[in-house]
Amino acid sequence: CDCSNLQHFTLLLLCIALLRSLHYAELEAEELKQRHRAEEARTLKSRLREAKQTTVDDLTRGLVNYKYLGFDFEKCEETNALRIAFTQLDPAFPNREFSFILLVNDADNQYYIHGCQPNLDATAVTKILKEINRSDDVALMIRQMRKEFVRTLQKI
């Protein structure tokens with residue numbers, strides 16, 4: 001009878017020990033998950049910090065390039081219109097301004113260019129407009145317009 005109680009008690013102690021071991025294993029697994037999440041968060045934070053710095057560097061470099069190239073833009077009084085201007089195109093008069101207004105029409109979701117100063121070849125502007133309305137590549141359009149203004153200088 002005592003032997004049976006002793007065996008029962010021993011089995012009970014073994015069960016308790018196994019339950020504790022299982023509980024500790026679960027705690028360790030949870031702790032590892034938390035450490036892994038924390039490491040992922042640190043890695044993500046580091047990547048974001050690097051990306052932010054890259055963005056700041058890119059913006060600074062872009063601003064310097066814009067100023068060097070004499071590129072400027074501002075929102076017009078008109079809805080969805082942007083006035084884009086260039087200087088540094090005319091070697092004889094570097095501060096001379098070349099500009100145009102880029103308008104986005106909400107009704108047909110198309111770009112329009114008007115108010116070119118000095119006037120540009122209408123065929124060239126039409127070609128540029130067709131390209132931007134097809135590709136939606138505003139940066140390409142700005143480069144092409146700049147080239148057209150340079151071409152007008154070469155014709156003079």
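## Accessibility of Arg-35

Is Arg-35 buried or exposed? Arg-35 has a relative accessibility of 51% and therefore counts as exposed, where exposed means over 50% relative accessible area, buried means under 20%, and partly exposed lies in between (1.4 Å probe, protein chains only).

## Basis of the values

This is a predicted model, in which local features need pLDDT of at least 70 and side-chain atom pairs count only at pLDDT 80 or more, while totals for chains, interfaces and linings use all residues. Residues are numbered from 1 along each chain as its sequence is written, and side-chain values use heavy atoms, with hydrogens and water left out.

## Salt bridges within helices

With a salt bridge taken as a side-chain nitrogen of Lys or Arg within 4 Å of a carboxyl oxygen of Asp or Glu, the count comes to 7 salt bridges. One of them joins the side chains of Arg-35 and Glu-31 at 2.4 Å, N to O; these residues are 4 residues apart in helix H1 (residues 2–69), and so are separated by about one helical turn, helices being DSSP runs of H or I with at least four residues, numbered from the N terminus. Glu-31 is partly exposed at 40% relative accessibility.

In helix H3 (residues 138–155), Arg-151 and Glu-148 lie 3 residues apart, about one turn of the helix, and their salt bridge has its closest N and O atoms 2.2 Å apart. Arg-151 is partly exposed at 40%, whereas Glu-148 is buried at 11%.

Salt bridges that share partners join Glu-74, Arg-83 and Glu-97 into one network. Within it, the closest N and O atoms of Glu-74 and Arg-83 are 3.6 Å apart; Glu-74 is partly exposed at 44% relative accessibility, and Arg-83 is partly exposed at 23%.

Technical notes. Helix = DSSP H or I, 4+ residues; strand = E, 2+ residues; numbered from the N terminus.
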